Amino acid sequence: IIGTVVVALIGVTGIGVIFFFCRDWFLSHTNNDLGLTSGRTYIWDYVMDGYKEFPILNKIFGLGQETMREYCLTHNVQEYYAKFKSILDAAHCEYLHYLFTLGIFGAVSYFIMLISFLVSAFKWAKKNPMLYGMLGFVGVYATQAIVSIAEPAVTPFMFLMISIGSSMIYREKQRQSSQVE
């Protein structure tokens, strides 16, 4: 299970790095409409262009939750609607969506929470094997979040796994420190 999660995270992170640093190449080598990426590269490009136009305060703290649709209704909506026959209300990448709505502060905080839990759970899973399940759940969720939005049916369970897993890690640390004394 850990190997699968690690390979998936490395693969998806690689795609994210390629898109972030080589955006023009990535967009020119993927079908930028409803083909290979179901229009996601177009959406990601649209979101990044919008983010670049934000004033510095909005770049740091974002526009606010559930503001993507409102932004899209007032910025280049005709082009997007003509292409997809719908109104954009999510970035279809949880991390980009948080960057847009919560700014760099919120997106980085969220990403740090995920990474710190995954690293801690991996480190302490040998002491408490139940952490492997939580590590797998959160790892898979973090991977699918690259190409999807926060799902109301699943996201609360991801936060629950992080909370329960963090509690288990804390208890293991307490148990270990009491054995040392």
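**Exercises on a predicted model**

At 2% relative accessibility, Cys72 is classed as buried (under 20% relative accessible area, with exposed over 50% and partly exposed in between; 1.4 Å probe, protein chains only). This is a predicted model, in which local features need pLDDT of at least 70 and side-chain atom pairs count only at pLDDT 80 or more, while totals for chains, interfaces and linings use all residues. Residues are numbered from 1 along each chain as its sequence is written, and side-chain values use heavy atoms, leaving out hydrogens and water.

**Exercise 1.** Determine whether Cys93 is buried or exposed, and how many disulfides are counted.

*Solution.* Step one: Cys93 has 8% relative accessibility and therefore counts as buried. Step two: a disulfide is a pair of cysteine sulfur atoms within 2.5 Å; the count by this rule is zero.

**Exercise 2.** Describe the place of Glu94 and its side-chain polar contact.

*Solution.* Step one: Glu94 lies in helix H7 (residues 94-124); helices are DSSP runs of H or I with at least four residues, numbered from the N terminus. Step two: the relative accessible area of Glu94 is 1%, so this residue is buried. Step three: its side chain forms a polar contact with the side chain of Tyr141 at 2.8 Å. Such a contact is a pair of N or O atoms within 3.5 Å; within protein, one must be able to donate a hydrogen and the other to accept it, and residues adjacent in sequence count only if both atoms are side-chain atoms.

How values were computed: Helices (H or I, at least four residues) and strands (E, at least two) are DSSP runs, numbered from the N terminus.
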